[in-house]
Amino acid sequence: MTARISIIVPFRDARSELPALMEALRSQTVAGDQFEVIWIDDASRDGGGVWLREHLPPAWHLLEFAESRGSYAARNAGVEAAASENLAFTDVDCRPHTDWLEQGLAGLT
């Protein structure tokens, strides 16, 4: 099944923030097969990309930049990789409410 919505998360040197955001995204009221998460590592030096690779659920993706390109380039790479035309963006230090995707998808219909 194709994702109904793609979540794009750019990050750099944010290893300490990754577990809490991952948990917030796993806790969404929308079924896990209805969305994908595309994480874009903008040349982190703190091991965030390594940690994320070890903890990624199925249908979640990690793109990695060898050199920092900035958050806008990271977001654009996520858009290009997205399986859905419906996009949601969050930053690594955000904690979306459990109904964030549900409310967003309801607004699209």
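Residues are classed as buried under 20% relative accessible area, exposed over 50%, and partly exposed in between, with a 1.4 Å probe and protein chains only. The model is predicted, so that local features need pLDDT of at least 70 and side-chain atom pairs count only at pLDDT 80 or more, whereas totals for chains, interfaces and linings use all residues. Residues are numbered from 1 along each chain as its sequence is written, and side-chain values use heavy atoms, with hydrogens and water left out.

Secondary structure elements are DSSP runs numbered from the N terminus, with helices (H or I) of at least four residues and strands (E) of at least two. Two strands are taken to pair if DSSP finds at least two bridges between them. On this basis, the model contains an open sheet of 4 strands in the order β3-β2-β1-β4, with parallel pairing. Its edge strands, β3 (60-65) and β4 (87-89), each pair on one side only. From one strand to the next, the twist averages 20 degrees, where axes are lines fitted to C-alpha atoms (for helices, over the stretch in contact) and angles between N-to-C directions run from 0 to 180 degrees.

Strand β1 (residues 5-11) is joined to β4 by 3 bridges, and the two run parallel. Across this pairing, phenylalanine 89 of β4 stands opposite isoleucine 8. The pairing of β1 with β2 is also in the parallel sense and extends over 7 bridges; here valine 9 has tryptophan 39 of β2 as its bridge partner. Strand β1 is largely enclosed by the rest of the structure, because 7 of its 7 residues are buried. The side chains of Ile5, Ile7, Val9 and Phe11 point one way from β1, while Ser6, Ile8 and Pro10 point the other way. In the segment before β1 lies threonine 2, which counts as exposed at 52% relative accessibility. Its C-alpha atom is separated by 17 Å from that of glutamate 102, 100 residues apart along the chain.

Helix α2 (residues 48-55) lies across β1, β2 (35-42) and β3, and runs at about 160 degrees to β3. Contact here means heavy atoms within 4.5 Å.

A nonpolar surface patch is formed by Val79, Leu87 and Phe89, which together have about 220 Å² of accessible area. Accessible areas come from the Shrake-Rupley method with a 1.4 Å probe, and for residues only the protein chains shown count as cover. Patches are made of residues with over 30% relative accessible area and no salt bridge, like charges being joined within 9 Å and nonpolar side chains (Val, Leu, Ile, Met, Phe, Trp, Tyr) within 5 Å.

Side chains of opposite charge can pair when their charged atoms come close. With a salt bridge defined as a side-chain nitrogen of Lys or Arg within 4 Å of a carboxyl oxygen of Asp or Glu, the count comes to 4 salt bridges. One of these joins arginine 45 to aspartate 13, with the closest N and O atoms 3.0 Å apart. Arginine 45 lies in the loop between β2 and α2 and aspartate 13 in the loop between β1 and α1 (18-26), so the pair ties together parts that are 32 residues apart in sequence. Arginine 45 is exposed, at 66% relative accessible area, whereas aspartate 13 is partly exposed, at 30%.

A further salt bridge is formed between the side chains of arginine 95 and glutamate 17 (2.5 Å, N to O). Since arginine 95 belongs to the loop between β4 and α4 (100-108) and glutamate 17 to the loop between β1 and α1, parts that are 78 residues apart in sequence are tied together by this pair. Both residues are partly exposed, arginine 95 at 36% relative accessibility and glutamate 17 with a relative accessible area of 26%. The C-alpha atom of arginine 95 is separated by 7.3 Å from that of alanine 20, 75 residues apart along the chain. Alanine 20 is found in helix α1 and counts as partly exposed at 36% relative accessibility.

Arginine 75 and aspartate 91 also meet through their side chains in a salt bridge (3.0 Å, N to O). This pair links distant parts of the chain, 16 residues apart, with arginine 75 in helix α3 and aspartate 91 in the loop between β4 and α4. Arginine 75 is partly exposed, with a relative accessible area of 22%, and aspartate 91 is likewise partly exposed, at 32% relative accessibility.
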